[in-house]
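Notes below, in the order I looked things up.

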Amino acid sequence: MSLPERLGSLRTVKDDQPVARKEAKPPIPVDSDSGQLQRCVIIQKDEKGYGLTVSGDNPVFVQSVKPDGAASKAGVQQGDKIIKVNGTSALSLNHIEVVNLIKSTLCGLTGLKVTEIVLTKLNFIC
């Protein structure tokens with residue numbers, strides 16, 4: 001299911017309505033090249049931007065994250081490897097192509113301008 005479809009399925013719950021909870025959790029995706037766990041974050045751009053800088057080519061990594069910025073609030077961390085942006089694989093893309101993908105925000109039925117990024121930690125520690 002695409003991000004706009006997932007965002008479109010969101011609804012406001014009134015205090016007197018029961019909240020449905022999902023029992024089963026989907027399997028955690030693993031990067032087939034490195035064997036590292038992947039995580040998906042959704043960054044809602046704020047008035048100061050995305051709050052991150054990226055560097056490198058093929059692959060691109062998160063160079064820095066502004067404290068209290070949009071990326072930080074979404075859980076992005078310095079050193080994260082960018083796997084996908086808005087559903088497009090970023091592993092073979094250069095820096096400029098990844099930046100352009102990040103800037104190509106998705107606008108779901110909710111009206112929120114968001115960017116979906118799949119990340120894996122360079123030095124993941126359990």
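These entries go from the overall fold to the core and then to one helix residue.

I'm working from a predicted model, where local features need pLDDT of at least 70, side-chain atom pairs count only at pLDDT 80 or more, and totals for chains, interfaces and linings use all residues. Residues are numbered from 1 along each chain as its sequence is written, and side-chain values use heavy atoms, with hydrogens and water left out.

Helices are DSSP runs of H or I with at least four residues, strands are runs of E with at least two, and numbering starts at the N terminus. The order reads α-β-β-β-α-β-β-α-β-β.

Next I checked burial: 31% of the 126 residues are buried, meaning under 20% relative accessible area with a 1.4 Å probe, protein chains only.

Then I went for the largest nonpolar core, which has 19 residues. Such a core is a set of buried Ala, Val, Leu, Ile, Met, Phe, Trp, Tyr and Cys residues joined through side-chain atoms within 4.5 Å. Among those with the most contacts inside it are Ile-43, Val-76 and Ile-102. Helix α3 gives the largest share, 3 residues.

Beyond its neighbours within four places in sequence, Ile-102 is in contact (heavy atoms within 4.5 Å) with Tyr-50, Val-54, Ile-82, Val-85, Thr-115 and Ile-117.

Last, I looked at Asn-100 in helix α3.

Conventions: Buried means under 20% relative accessible area, exposed over 50%, partly exposed in between (1.4 Å probe, protein chains only).
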